[in-house]
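Visitor: Could you walk me through this model, with the cut-offs spelled out as we go?

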Amino acid sequence: MTSRFIVVVLLILSPLLVFAKKKKVRYPVVISVTDAQLVSEQVEVKARQGRLEEVQRKIKVGQSLRDKALIRVGENGQIRLDLAPKTSLIIFGNSIVEIPVIAWEDGSIDKIILQKGRLRYDCETFCQREIKSDLYDETPPAGDYIFTYEPQIPKMEALVIDGELRFRGYENEHSVILKDNQKASFTGVLEGGEIAYDILLRGRKVAKGQLSKVETLPALEQKKFEKLFSEKKMIQKKAVVTRLPSQICEKPLAEL
């Protein structure tokens, strides 16, 4: 009777133990790319490990980024990261994006630096991430935005897909409010091949340049953007979970 009772109890408790051991997603995580070959050949992550060494490795679908990362996307590349359950970051071709700090405890990110190229930032809740470039430094509220930075001009542009955004040049007094399907840009000044700033009291830097007027995208261009940035066009791959020797349960993998 005793042995039978133990078996019955284990059968009842096993599903509960499996779900209790189910592994949570570790953010930020690589979700999808346009082409698997493209990822291994043209998209790379640089992460500093230790004090003196910089290790370069290929980025993979399902990979969780840790500590910090410098993401380089090739000319025809495209990659999506989920930063949180309702927040995504898409980095487009010929772009460099730096994530200087990824919290060890929960993978949270408070700053995203666009060194060059284009990214799409879509956030629904807890949107406290700073988007920064040489010409821009703001924390966008909840919404869906596309930022483009061309350092060789230099020029920073913001396009609002959904939401509302206050846009200005770095630390400038003048700003504009962008709403759905509206964009604006700030064109900086190069002096001696470097981006020029006015230095104010206490060393505060203000980018020199010109803020454009607000432009509403015509209907045809709106459709073009919808087609270009549609996530349905991306080949999405499920994260591959490696089975550990101690995981005797399947669907989901878990330890008893």
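Visitor: What joins the side chains of D82 and R80?
Guide: This is a predicted model, in which local features need pLDDT of at least 70 and side-chain atom pairs count only at pLDDT 80 or more, while totals for chains, interfaces and linings use all residues. Residues are numbered from 1 along each chain as its sequence is written, and side-chain values use heavy atoms, with hydrogens and water left out. The two side chains come to 3.0 Å, N to O, and the criterion asks for a side-chain nitrogen of Lys or Arg within 4 Å of a carboxyl oxygen of Asp or Glu. What joins D82 and R80 is therefore a salt bridge.

Visitor: Is R80 buried or exposed?
Guide: R80 sits in strand β5, residues 79–84; strands (E, at least two residues) and helices (H or I, at least four) are DSSP runs numbered from the N terminus. Buried means under 20% relative accessible area, exposed over 50%, and partly exposed in between, with a 1.4 Å probe and protein chains only. R80 has a relative accessible area of 14%, so R80 is buried.

Visitor: Which strand pairs with β8 over 7 bridges?
Guide: Two strands pair if DSSP finds at least two bridges between them. Strand β6 (residues 87–91) runs antiparallel to β8 with 5 bridges, and T87 stands opposite C123 there. Strand β9 (residues 130–133) runs parallel to β8 with 3 bridges. The 7 bridges, in the antiparallel sense, belong to β11.

Visitor: Which residue in β11 is the bridge partner of G117?
Guide: Strand β11 covers residues 143–150 and pairs with β8. In β11, the bridge partner of G117 is Y149.

Visitor: Which residue forms a salt bridge with D144?
Guide: The closest N and O atoms of this pair are 2.7 Å apart. The pair links distant parts of the chain, with D144 in strand β11 and its partner in strand β8, 24 residues apart.

Visitor: Which residues do salt bridges that share partners join into one network?
Guide: E191 forms a salt bridge with K208, the closest N and O atoms being 3.1 Å apart. E191 lies in strand β16 (residues 190–191) and K208 in the loop between β19 (205–207) and β20 (209–211), so the pair ties together parts that are 17 residues apart in sequence. E191 is partly exposed at 44%, and K208 counts as partly exposed at 25%. The network joins E191, D198 and K208.

Visitor: How many salt bridges does a search of the whole structure find?
Guide: For the setting, the protein has 3 helices and 22 strands, and of its 256 residues 40% count as buried. The search of the whole structure finds 8.
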